[in-house]
Amino acid sequence: MMSIRTIVMALLLGSPACSLLAQNDLIEGTVKDEAGAPVSFANVILLAEKDSSLIRGVVTGTDGTFMLGRESSDAPALLRVSAMGFEDRYITHLSGNIGVVVLTTATFQLDEVSVRGARPMARLMEDGVQVVVSGTYLAKTGTALELLGKMPFVSSYGSHIEVLGKGTPIVYIDGRQVRDLSELTWLSSSEIKAVEVATTPGARYASTVNAVIRITTTDPLGEGFSLGNRTTLGLKHYGYLFEQVNLNYRRQRFDLFGMLNYENYRDRPRVNNATSYYLTSGVVEQNTTGGEVVRYPVYEGKLGLNYKTANHSLGFYYNFSFRPSESAGLSAASRYINGVFSECLDNRSIVSRHNRQHLLSSYYMGAFGKWRLSTNFDAMWQRNDRGTAEKDLSSVNPPRSFSTVNDATNRLLAGNAILSFPVWRGDMRFGAEVNSIRRNDRYSGDADFILGNDNHIDETTTALFVEVGQKWGGAAVSGGLRWEYTDSRFYKFAELQTDQSRRYHNVAPSVSVSFPLGAVQTKLSYARKTSRPAFEQLSSAVKYIDRYTYESGNPGLRPIYRDYLSLSSSWKDLVIELSYSSTKDYFMWQTVPYPGSSEATLLTRENMPRFSSYGLMLNYSPIFFGLWHPVWMFAMTAQDFKLTHRGETLRLNNPIGVFRFNNALHLPWDMWLNADLSVRTSGNGDNASLKACWACNMALYKAFANDAWSIKLQLNDLFATWRQEFTTYDALARTSVHKIYDTRDLTLTIRYNFNLSRSRYGGRGAGNAEKSRF
């Protein structure tokens, strides 16, 4: 490992001059609209001053940036920047970086009718789709979390976000990773400039990242002291409160920022399970009805500093969170063997959890001529402890009373560096990242049928990557390669387990080609991704569920490998994507006989054979209806998945359809009414058969005093129709599950901003993919 780290440091500290290509004088800048959003595919043309003849030209990238070479033999020239729907802009003083070029929306006069040019809401970018928010009706949505649920190819419910076909994404706000998705409720949609949904993220991201959502906020305003406050009052079968305060003090180049957040939340999930076990002793059927009452408050705070000049920026912050929870559960089960009643089982449990986390994050960004350097360092300490007190009652066996304790501690040290510079018609970036993880996981109980365990994991991952992007007119090509080496050592009761320790060499290529076909912009992408097991899934501790059911992780789990291929097109207000993926070593729950018992079972995770998945997604967001802003989204996913069930091959390949119809209506007095309908059809996903469900959400939004105040009334799942009903299959079991939550939810959110001035903190964080494994 020392030799690898030496190589990494040599790459990071090597002289940039050794790699510079010969460059003529470059004119560079960024093209944005009046709302501050980047203008993609704008024409930037160098014209001769004498006769306006064309010298050369380029097209802006998806981030609005451009670079145009200028030779000493060129005649005196001026620059023309143009894009459909905007007034042309001419620039005469050309010298190096000309900064931001702002285009004004074109206005046409037709018989006393003023018509303003309009741009599509969604458009293709090199690794996904970009949606402009600032200056549109989307800015009146409410929170960033609610806004993401309206993005193309994104599905959300509650605090859960999923990119269809790619799973849970990594979310960034201004380049900084969001550690807890509840943070998205702190940010108002009116503060967001644009959202990018990357369905094929490149090599700069860890190979475990299947999808990325990047949120860009509006430029910070004002100096001095600023305050932002959000209060949410909610009602389900009880009342609850969210309270969050953001503070910032800015003085020229200096920012001091802080945050305090408090949440008091409760839930009462109920579940009905019907499980059939096909064992050598016979067919065992167990029908269970249960429920619990859960309370999980959140206490969180952040404090940080940031300093920014024209070419350099650095900062750090400290974040602390404490998440205790308490739950009381009660379940009743009837057990049958070969159709004959065998036993009644009752379980009563009290569970107490405490999650404490400390995160220290710092960064530096600098510009050295045409070179850009970005470095980040993160240190995180986390402790999760869980204690249970349980009582089992049986109609034929003596009662059991026992308690368990599970204590897990995590430590992460991570750093990365990225260096970028212009090359020919585009740019190149390369970088490295090193992560070091230490985890201790102890589990014990006060009964002889509880098997205690003490696991320890030391894991180091080193990664190198390179990305290159080039543009020719309306066409663009980008590609990248990421190499990762992981050394994971597994200890059980302080003894190294060589069979369960792993070393991985992983190569993750990615490539994207985009080009116009007339008025249609088209993109073809390929990426290889991997997913490593969460540390809890690697634990060998055997946990007690009931006297016939146990649960354990699997230290021998191999990583999942996925190959993604997608074809995307956009035309006016329509975006379409076709996708294909091949998945190897996917891991899922499997039931196996419990050692030494003919009736008990052990639930664990195992790797599955390779299978394929297919997807079709369409998003149509017309902008010509005036006061009414509809969005239609349709997606269909299908898989070629099979497994062994009861000794026979079971195919689970019925497709699933997702339909969403969002409506935003601009009412008098500048109020906004949102009515959203979501539908999911029945079908197969992984090893499950899902039943259809649907939900309707309503919201009313009003802002005051130029968005200094805002109020939103929201009613989620108006008809209480969103249900989780599915049946899972594995080699020895079939389980039908019906989960019931309080999905109908009424909230009132009040926001107040005084001298809005967010921090200019620009750190991206390090070890971001590894943090999610805790």
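Student: Which residue in the turn between strand 26 and strand 27 has a positive phi?

Tutor: Keep in mind that this is a predicted model. Strand 26 and strand 27 (residues 371-394) pair antiparallel, over 24 bridges. They make a hairpin with two residues between them, and the one in the turn with a positive phi, about 65°, is G369.

Student: How many bridges join strand 25 to strand 26?

Tutor: These two also form a hairpin, with two residues between them, and N338 in its turn has a positive phi of about 55°. R335 sits opposite E343 of strand 26. Strand 25 (residues 312-337) runs antiparallel to strand 26, and the bridge count is 26.

Student: Is C693 buried or exposed?

Tutor: The cut-off for buried is under 20% relative accessible area. C693 comes in at 4%, so C693 is buried. C696, at 13%, is buried too.

Student: How many disulfides does a search of the whole structure find?

Tutor: A disulfide is a covalent bond between the sulfur atoms of two cysteines. To count here, a pair of cysteine sulfur atoms must lie within 2.5 Å. Searching the whole structure gives a total of zero.

Technical notes
Residues are numbered from 1 along each chain as its sequence is written. This is a predicted model: local features need pLDDT of at least 70, side-chain atom pairs count only at pLDDT 80 or more; totals for chains, interfaces and linings use all residues. Side-chain values use heavy atoms; hydrogens and water are left out. Buried means under 20% relative accessible area, exposed over 50%, partly exposed in between (1.4 Å probe, protein chains only). Two strands pair if DSSP finds at least two bridges between them. Helices (H or I, at least four residues) and strands (E, at least two) are DSSP runs, numbered from the N terminus.
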